[in-house]
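Please look first at the fold as a whole, and then at a few individual residues within it.

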Amino acid sequence: MDSGGMKNFWKCAILVVDESRVARSILAAMLAKIGHDAVLEAHDGLTALKLLSQQKVATVFLTAALPDMSGMAFLKAVRSSHPEIQVILIADRKDKASVISAVQNGLSGYLFKPVAPERLARKLRQVHKLS
């Protein structure tokens, strides 16, 4: 991707889905630190799916457990209605079975906690195949 395309990518919206307001805020701050200011937030799966139907989103960061549905159910809904969106799971190391299952169901990538800004930027470049 040329530098103009790369600049446009960094302006695409990212959706952070986590029931914890603090966790969402921390991830949004990290995304801003690496140049991503267009961050949407949702506290549950249904709210996130509604946002995806209203906004153009390039990437979703997701936790495995949401208050209203499993991360797997959310992933399947996104893959069904928005296959172009990259979905990245943020998981605890003890949730390796969930990660494996999610990868088998179309997960774009994953990060284990704790997440650092450099790892976040690297994963975004990786799932979007940027140099």
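The paragraphs below go from the overall architecture to the nonpolar cores and then to selected residues.

This is a predicted model, in which local features need pLDDT of at least 70 and side-chain atom pairs count only at pLDDT 80 or more, while totals for chains, interfaces and linings use all residues. Residues are numbered from 1 along each chain as its sequence is written, and side-chain values use heavy atoms, with hydrogens and water left out.

The chain contains six helices and five strands, where helices (H or I, at least four residues) and strands (E, at least two) are DSSP runs numbered from the N terminus. In sequence order these elements give the pattern α-β-α-β-α-β-α-β-α-β-α. The radius of gyration, taken over C-alpha atoms, is compared here with a globule rule of 2.2 Å times the number of residues to the power 0.38. The chain has a value of 14 Å, close to the 14 Å that the rule gives for 131 residues, so it is as compact as a globular protein of that length. The C-alpha trace spans about 40 × 30 × 30 Å along its principal axes.

Of the 131 residues, 45% are buried; buried means under 20% relative accessible area, exposed over 50%, and partly exposed in between, with a 1.4 Å probe and protein chains only. Among contacts (heavy atoms within 4.5 Å) with a separation of 6 or more, 63% come from residues 24 or more positions apart.

The interior can be described through its nonpolar cores, each being a set of buried Ala, Val, Leu, Ile, Met, Phe, Trp, Tyr and Cys residues joined through side-chain atoms within 4.5 Å. The largest has 23 residues, of which Leu 15, Val 17, Leu 52, Val 60, Leu 62, Phe 74 and Val 87 touch the most other members. At least two residues of this core are supplied by each of β1 (13-17), α3 (45-54), β3 (57-63), α4 (71-81), β4 (86-91) and α5 (96-104). Apart from this core lies another, of 15 residues, which includes Ala 28, Leu 111, Val 115 and Val 127. In soluble globular proteins, nonpolar side chains tend to be buried together. Leaving aside neighbours within four places in sequence, the contacts of Leu 15 include Leu 40, Ala 48, Leu 51, Leu 52, Val 57 and Val 60.

Which residues does Phe 112 contact, leaving aside its neighbours within four places in sequence? They are Ala 91, Asp 92, Arg 93, Lys 96, Val 99 and Arg 119. Phe 112 is found in strand β5 (residues 109-112) and, at 11% relative accessibility, counts as buried.

Arg 119, by contrast, lies in helix α6 (residues 117-127) and counts as partly exposed because its relative accessibility is 26%. Not counting residues up to four places away in sequence, Arg 119 touches Leu 111, Phe 112 and Pro 114. Of these, Pro 114 lies in the loop between β5 and α6, and the peptide bond leading from Lys 113 to Pro 114 is cis, with omega near -5°. Most residues other than glycine have a negative phi, and most peptide bonds are trans.

Ala 23, placed in helix α2 (residues 21-33), is partly exposed, with a relative accessible area of 28%. Ala 23 and Leu 124 are 101 residues apart in sequence and 18 Å apart in space, C-alpha to C-alpha.
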